[in-house]
Amino acid sequence: MSTDYSHAEKLKHELTQPLFNPMLKKWVGKGELDYERYLHTQTLLGLQSAEAERVSHDELMFQVVHQSQELYLKLASREVVEVVAELDKDALWAVVARLARVQRILQCISAEMAILETMTPEAYQVIRRSLGNGSGQESPGYNTFRLAATGLESALERMLARRNVTLLQVYTAGGHEDLKHVCENLLSMDEAFQGWLFAHFQLVRRTIGVDRSVKALDGLPTQVLAGRMTLPLFRALWDVRVEMTAGWKREGGYATGEARGGSDVHAAARAGGCPMHAHAAPTAFAQEHRSQT
């Protein structure tokens, strides 16, 4: 083998070889260690096109980010299944804790989009020629997560039916604080999902452009992405805001600059029908929380 390498070529070659870890006194990269066997690193690290087969240096980044997003969406979908089971058992503390995990997964894949934004339009134009008709709509992770969210939406409806309450009643001052906490976490999950879609929209916008005349590889104009990214997972949770605002009245507030001292400001707000300042009685959720802490 020739030794006429540049420093970069020499380093690149070394990265493909097993490495001796002096602390372990073992070779890493042969697929023989417990860590490597458990995580199937030999298979995982071989899932990207080989160096000689890549049409662009950026293709490795493109594949790694998309593969990791599929894995995270697989995880998020599986977590949602658990949320459905917990919601059906009225285990609301567990529901909220797991929804926080789903939210962080979605925030993670949204942040990952920033890595792809380092790819220039001309670099993507080269990669794009080898993608066939592939688009985000063909993503198993995307489709699976939407299906999981549909199941979660049904579980929310079952929970409201068991409690014999409407969403508007949940958000009405003075009651159902446990259910409201669950609903707000579902909304945060939905918002995180839409944030990911918005990040994708911006990525498309800066690489191939968003316009009626610009078509994605699936043949649809990129302009339709704007509508997709605001398509909610839990529409009723967004609609109830509209319903609340429709019933809002200006009366009961303070004039700008008016002194507010000398009385219970929250009581005055409640008298004016403000749902934000109502005091709620202890709830089943709070009792469940106390029993687990």
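**Cysteines**

I looked up Cys-108 and found it at 29% relative accessibility, so it counts as partly exposed, a class that lies between buried (under 20% relative accessible area) and exposed (over 50%), with a 1.4 Å probe and protein chains only. Cys-183, by contrast, counts as buried because its relative accessibility is 0%. I note that this is a predicted model, where local features need pLDDT of at least 70 and side-chain atom pairs count only at pLDDT 80 or more, while totals for chains, interfaces and linings use all residues. Residues are numbered from 1 along each chain as its sequence is written, and side-chain values use heavy atoms, with hydrogens and water left out. I then searched for disulfides (pairs of cysteine sulfur atoms within 2.5 Å) and found zero in the structure.

**Helix 9**

How far apart are the end C-alpha atoms of helix 9? They are 45 Å apart, which agrees with the 45 Å that its 31 residues (177-207) should span at 1.5 Å a residue, where the expected span is 1.5 Å times one less than the number of residues. After helix 9 comes Gly-209, which has a positive phi near 90°.

**Its packing on helix 11**

I found helix 9 packed with helix 11 (residues 235-246) at an angle of about 110°, the axes being 9 Å apart. Helix 9 is therefore roughly perpendicular to helix 11, a label for angles of 65 to 115 degrees. In the contact (heavy atoms within 4.5 Å), helix 9 supplies residues including Cys-183 and Leu-187, and helix 11 supplies Leu-237, Trp-238 and Arg-241.

Technical notes
Helix = DSSP H or I, 4+ residues; strand = E, 2+ residues; numbered from the N terminus. Axes fitted to C-alpha atoms, helices over the stretch in contact; angles between N-to-C directions. Parallel < 35°, antiparallel > 145°, perpendicular 65-115°, else oblique.
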